[in-house]
Amino acid sequence: MDDEKTLKWANAHPYDLSDLSFRYTMYSYEEAMKPKDYGTGEKYSLTEVHTVTHIEEHPGITVTQMAEELGRTKSAISQIITKLEKKKLVYRAYGKEDGKKVFLSVTPSGRELSIAHKQYDIKNVIEFQNELRKHFSEEELDTFYRVMEMHLIIEEEGLL
């Protein structure tokens, strides 16, 4: 690629970068809110399906642990869990020693959704990667994902 095209955004005005970031965030947010069929015949939001998958991968996790791991409030996680319980995808089990401690697990339907979700994501990420490879080198793609990762670290550590 020529330097002019490669450096398009590196030398952009800060407002243009802010606008690009805003448009990308809004697109991502709108996509995340759209319910999708992940292969089970039912539609779920991105938040719902990722929450179910997180629980499926960490059986017995608590709301507090999930909130810490996902960077959400306990209230937000509890609201999602309540919605998922009503859809019979997850359930709460109370601790034997301390009846106040609540552990989360998936139902068979939740496990089925989690498996379908992983397959759906793998297929879509492969297609996305293949499209990106038509336009960018492996090094550029690695930088893109490292920037995304660093953005999360900066936000999580409150550095901005």
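## Interior

Val-52 touches Leu-84, Leu-89, Val-90, Val-106, Gly-110, Leu-113 and Ser-114, leaving aside residues up to four places away in sequence; contact here means heavy atoms within 4.5 Å. The model is a predicted one, in which local features need pLDDT of at least 70 and side-chain atom pairs count only at pLDDT 80 or more, while totals for chains, interfaces and linings use all residues. Residues are numbered from 1 along each chain as its sequence is written, and side-chain values use heavy atoms, with hydrogens and water left out.

Val-52 is also among the residues with the most contacts inside the largest nonpolar core, together with Ile-55, Val-90, Leu-104 and Leu-113. This core has 19 residues. A nonpolar core is a set of buried Ala, Val, Leu, Ile, Met, Phe, Trp, Tyr and Cys residues joined through side-chain atoms within 4.5 Å. Buried means under 20% relative accessible area, exposed means over 50%, and partly exposed lies in between (1.4 Å probe, protein chains only). Two or more residues of the core come from each of α3 (46–57), α4 (63–70), α5 (74–86) and β4 (102–106). The largest share, 4 residues, is from α5. Helices (H or I, at least four residues) and strands (E, at least two) are DSSP runs, numbered from the N terminus. In soluble globular proteins, nonpolar side chains tend to be buried together.

Thr-53 lies in helix α3. Thr-53 counts as buried because its relative accessibility is 6%.

Leu-70 belongs to helix α4 and is partly exposed, because its relative accessibility is 36%. Leu-70 touches His-54 and Ile-77, again not counting residues up to four places away in sequence. Leu-70 and His-54 are 16 residues apart in sequence, and their C-alpha atoms are 9.2 Å apart in space.

## Charged pairs

How many salt bridges does the count come to? The count comes to 11, a salt bridge being a side-chain nitrogen of Lys or Arg within 4 Å of a carboxyl oxygen of Asp or Glu. Side chains of opposite charge can pair when their charged atoms come close.

| Salt bridge | N to O distance |
|---|---|
| Lys-36 and Glu-31 | 3.8 Å |
| Glu-85 and Arg-92 | 2.9 Å |
| Glu-131 and Lys-134 | 3.1 Å |

Glu-131 is partly exposed, because its relative accessibility is 38%, whereas Lys-134 is exposed at 61%. Salt bridges that share partners join Glu-31, Lys-34 and Lys-36 into one network. Glu-31 is partly exposed, with a relative accessible area of 22%. In the pair of Glu-85 and Arg-92, Glu-85 is partly exposed at 26% relative accessible area, and Arg-92 is partly exposed at 23% relative accessibility.

Tyr-24, Phe-128, Phe-144, Tyr-145 and Met-148 form a nonpolar patch on the surface, and together they have about 470 Å² of accessible area. Patches are made of residues with over 30% relative accessible area and no salt bridge; like charges are joined within 9 Å, and nonpolar side chains (Val, Leu, Ile, Met, Phe, Trp, Tyr) within 5 Å. Accessible areas come from the Shrake-Rupley method with a 1.4 Å probe, and for residues only the protein chains shown count as cover. Tyr-24 is in helix α2 (residues 14–33) and is partly exposed, because its relative accessibility is 49%.

The largest share of the nonpolar patch, 3 residues, comes from α7. Helix α7 (residues 138–156) has 19 residues, so at 1.5 Å a residue it should span 27 Å, and its end C-alpha atoms are 27 Å apart, which agrees. The expected span is 1.5 Å times one less than the number of residues in the helix. After α7 comes Gly-158, whose phi is positive, near 65°.

## Loops

Lys-88 has a positive phi of about 60° although it is not a glycine. Lys-88 is in the loop between α5 and β3 (90–94) and counts as exposed, because its relative accessibility is 59%.

Ala-10 lies in the loop between α1 (3–6) and α2. Ala-10 is exposed, with a relative accessible area of 59%. Ala-10 and Pro-35 are 25 residues apart in sequence and 35 Å apart in space, C-alpha to C-alpha.
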